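Biologist: I am new to this structure. Take me through the terms one by one, and tell me what stands behind each.

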2 protein chains.
Amino acid sequence: MKPVKVGICGLGTVGSGTLKVLTRNADEIARRAGRRIEIGAIATRRINPAIDTNGIQITQDIFAVARDPEIDIVVELIGGYDTARELVLLAIENGKHVVTANKAMIAVHGNEIFAAAQAKGVMVAFEASVAGGIPIIKAIREGLAANQINWLAGIINGTGNFIMTEMRDKGRAFADVLQEAQALGYAEADPTFDVEGIDAAHKLTILASIAYGIPLQFDKSYTEGISKITPEDVKYAEELGYRIKHLGISRRTAKGIELRVHPTLIPKSALLANVNGVMNAILISGDAVGQTLYYGPGAGAEPTASAVVADLMDVVRTLTADPENRVPHLAFQPSALSDLPILNVEETVSGYYLRMQAVERPGVLAHVTRILGEKGINIEAIIQQETKEAQVPVIMLTQRVEERMMNEALREIEALPDILGEVVRIRVDHLAD
Amino acid sequence: MKPVKVGICGLGTVGSGTLKVLTRNADEIARRAGRRIEIGAIATRRINPAIDTNGIQITQDIFAVARDPEIDIVVELIGGYDTARELVLLAIENGKHVVTANKAMIAVHGNEIFAAAQAKGVMVAFEASVAGGIPIIKAIREGLAANQINWLAGIINGTGNFIMTEMRDKGRAFADVLQEAQALGYAEADPTFDVEGIDAAHKLTILASIAYGIPLQFDKSYTEGISKITPEDVKYAEELGYRIKHLGISRRTAKGIELRVHPTLIPKSALLANVNGVMNAILISGDAVGQTLYYGPGAGAEPTASAVVADLMDVVRTLTADPENRVPHLAFQPSALSDLPILNVEETVSGYYLRMQAVERPGVLAHVTRILGEKGINIEAIIQQETKEAQVPVIMLTQRVEERMMNEALREIEALPDILGEVVRIRVDHLAD
């Protein structure tokens with residue numbers, strides 16, 4: 001099947017990320033979509049020499065891309081309200097599908113844009129507009145489609161959450177952390193959109209519309225920022241068993257829809273309270289499913305690109321309804337399944353928690369650590385309690401090692417006369433990349 | 001457009017839940033899908049008088065449903081391996097799409113079933129087979145489709161997680177908690193599938209296949225149960241900064257795919273470590289997006305039905321590719337948007353954290369609480385520190401109240417001569433239904 005051609009408008013952070021992901025994962029994407037996605041054109045005001053655009057047609061005219069008869073899908077990544085709206089409407093007028101990451105444009109001009117797309121029979125996909133790489137639009141629109149949504153609450157601005165996290169963890173003042181966030185590139189020179197909740201309100205407006213089936217109404221959202229939160233408030237909240245988070249909250253009530261962004265105390269034990277730094281998370285309550293939560297990076301080049309490219313694949317899949325264009329049962333086309341072997345557990349790699357019962361005698365620990373050392377196993381921590389008993393439990397935590405080596409070591413350790421019975425062994429995973 | 005007719009085979013927990021959700025949310029579902037979903041037939045061995053099947057054709061013969069020319073989609077909810085496989089293959093042979101919640105059947109017979117479906121051009125949807133109401137199959141297959149998946153780790157058996165949570169929270173022994181789980185109906189009379197990791201391995205097998213594009217290979221999965229975990233191990237793990245969870249872990253390595261279910265120590269601060277009770281959660285690492293996490297109820301009648309019905313809607317949408325059958329921009333059909341008003345923030349309801357600076361004089365607190373009481377505002381907690389200063393901060397936590405009442409109360413409180421300056425007010429949300 002012939003490749004789909006996309007035109008990328010805007011080569012900033014997200015544009016560059018999209019280019020990288022489409023290039024690096026081209027085979028993986030084709031294995032899934034059953035069709036290659038090619039970049040037919042890029043429109044950018046300034047060429048970034050750090051980005052390899054070799055062999056791709058580059059223009060400074062975004063509108064030329066929207067008119068280009070070779071382009072099937074226009075990817076709008078220029079941001080802002082008006083020019084973006086103009087670009088998207090022109091692309092629709094020219095019968096092109098659109099993928100966008102632009103929350104401001106969707107929240108403010110979405111009703112107009114969707115009506116135009118509907119009239120023209122094209123799609124406007126906007127997964128990347130809310131919570132970056134978290135597929136939250138898909139989760140609500142499709143995954144929870146059986147539910148009447150009762151309410152949703154989300155940490156949907158990474159900058160604000162970074163500030164709130166630092167204020168809590170280190171007792172720092174708002175202005176102080178904001179300055180650091182700006183230095184780190186998390187916050188803009190003018191931080192108003194982030195810290196006053198406008199960015200979050202754009203996203204909340206979108207989430208509420210797809211949750212309840214109401215038109216986009218950004219102008220009716222209520223926003224309150226975090227600039228007035230003081231270290232004392234953070235401390236008193238902790239004392240009371242709460243944490244302060246900058247949340248977007250939307251609730252369906254008998255009278256209507258609540259749509260509000262403001263600092264909120266939530267119970268410390270709630271998962272949302274434990275979402276730290278620049279991460280985003282959205283908690284949703286549906287009448288059938290109950291509460292589900294979606295967590296991940298809400299911004300950044302490749303996380304956002306992940307959503308942009310997923311949207312591209314969705315559009316590609318729905319261009320026709322023949323079985324080849326459906327989502328394949330195992331995610332990848334049947335002809336493109338891989339024969340990667342499943343490893344035997346002896347070949348897998350883990351850290352280990354070990355607990356053994358040892359005779360309380362000098363030198364026992366030295367024996368055990370020597371055996372581990374010989375197998376290349378490093379010890380991270382040991383607990384050995386003082387005792388007057390003849391036997392003592394020894395607990396060790398090891399670094400990552402192939403299970404085969406651990407099995408060999410344990411056979412030798414269990415053979416030591418001063419180690420009694422079997423060694424308890426539980427694997428450890430730090431859930432890090 | 002004419003309604004789609006589904007035949008439900010099996011009227012146990014999930015079957016009953018599916019019937020309830022399809023009935024209760026019929027309008028909401030049609031508003032989203034653009035087409036009504038009707039129950040054309042139910043096959044069940046025993047009629048459950050508690051369930052209203054009024055007006056629906058009931059049969060004891062599941063195979064009759066698979067042959068019924070009136071039925072478009074067969075929903076397999078009988079569970080087990082062989083009869084379910086037979087039913088699904090018969091439905092496919094008769095050109096019907098299939099929706100199933102059966103992890104065991106998919107993990108063991110999936111390759112055969114998908115090949116048959118592929119040959120016949122029908123779909124087999126199985127979102128409900130992993131992690132109940134969490135749309136995890138959709139998230140991986142579609143939402144993260146741009147990524148090369150590096151690894152995933154999940155709490156994908158609620159019974160096991162309930163047991164591990166109780167052991168940690170209350171220092172209880174495995175056998176003791178298992179007995180309670182059985183009494184509560186969380187664990188089967190024969191708990192082997194749950195506590196030995198077989199159920200989790202079924203689900204992990206499915207997740208790994210869609211993550212990496214490999215055929216289903218349940219027989220190569222490694223499983224280790226939680227029955228040997230002792231209260232001491234739980235305690236020592238805590239001392240070392242970890243919690244023990246029964247995880248399904250799959251990792252792509254240079255040599256092949258790891259596929260293993262076993263007790264695992266994970267850092268206390270990890271979100272996965274804070275997933276408690278019968279809840280499920282899956283953490284996924286993709287090369288573009290980084291880490292995302294999906295959390296929710298992994299079992300139960302309506303949570304699982306939520307996934308079954310979402311699958312039904314997906315199948316309905318892909319029956320044709322005309323714009324009406326695509327996922328609508330705002331999740332609901334444009335003609336079915338609702339005119340529910342967005343409430344003014346004064347009409348919204350929250351709990352409140354209040355902090356005020358008061359002159360240290362008897363009776364001040366009485367004044368404040370009287371004003372709150374007159375507005376129907378209940379106080380949940382007060383912090384008032386002993387001090388020798390002339391002024392003292394007073395912190396209060398209130399129950400939920402309409403914001404208008406709080407605003408009125410605060411105007412009166414701020415007018416008190418003994419309250420200095422503005423009252424700091426932050427909303428409180430318990431994130432409960």
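Modeller: This is a predicted model. A helix here is a DSSP run of H or I with at least four residues, and a strand is a run of E with at least two. Chain A has 14 helices and 16 strands.

Biologist: What makes a residue of chain A count as buried, and what percentage of the chain is buried?

Modeller: A buried residue has 20 or more other C-beta atoms within 10 Å of its own. Of the 433 residues in chain A, 55% are buried. The C-alpha atoms of the chain fill a box of roughly 85 × 55 × 45 Å along the principal axes.

Biologist: Which domains does chain A have, and how far apart are the centres of domain 1 and domain 2?

Modeller: The domain assignment gives domain 1 (4-132 + 302-336), domain 2 (136-297) and domain 3 (345-428). In chain A, the centres of domain 1 and domain 2 are 27 Å apart, taken over C-alpha atoms.

Biologist: What makes two residues a contact, and how many residues of domain 1 of chain A are in contact with domain 2?

Modeller: Their C-beta atoms must lie within 7 Å. In chain A, 14 residues of domain 1 are in contact with 16 residues of domain 2. Helix α5 (residues 103-120) of chain A gives the most to the domain 1 side, with seven residues. By class, that side has eight nonpolar, four polar and two charged residues.

Biologist: How many residues of chain B are in contact with chain A?

Modeller: By the contact cut-off of 7 Å, 118 residues of chain B meet 118 residues of chain A. Strand β10 (residues 257-267) of chain B gives the largest share of the chain B side, 10 residues. That side has 69 nonpolar, 29 polar and 20 charged residues.

Biologist: Why are β10 of chain A and β17 of chain B called paired?

Modeller: Pairing needs at least two bridges found by DSSP. Strand β10 (residues 257-267) of chain A and strand β17 (residues 419-428) of chain B have two bridges, in the parallel sense. Therefore they meet the rule for a pair. A:Leu265 stands opposite B:Val428 in β17 of chain B.

Biologist: How do you know what kind of axis relates the two copies?

Modeller: A rotation of 180° with 0.0 Å of shift along its axis superposes chain B on chain A, at RMSD 0.0 Å. The two copies are therefore related as by a two-fold rotation axis. The same surface serves both copies: 100% of the contact residues of chain B recur in chain A.

Terms used. Residues are numbered from 1 along each chain as its sequence is written. Chains are lettered from A and ligands numbered from 1 in the order in which they are written. This is a predicted model: local features need pLDDT of at least 70, side-chain atom pairs count only at pLDDT 80 or more; totals for chains, interfaces and linings use all residues. Ala, Val, Leu, Ile, Met, Phe, Trp, Tyr, Cys and Pro count as nonpolar, Asp, Glu, Lys and Arg as charged, and the others, Gly among them, as polar. A residue is buried if 20 or more other C-beta atoms lie within 10 Å of its own, exposed if 12 or fewer, and partly exposed in between; C-beta atoms are placed from the backbone. Copies are superposed by least squares on the C-alpha atoms of residues with pLDDT of at least 70 in both. Domain bounds come from an automatic or database domain assignment.
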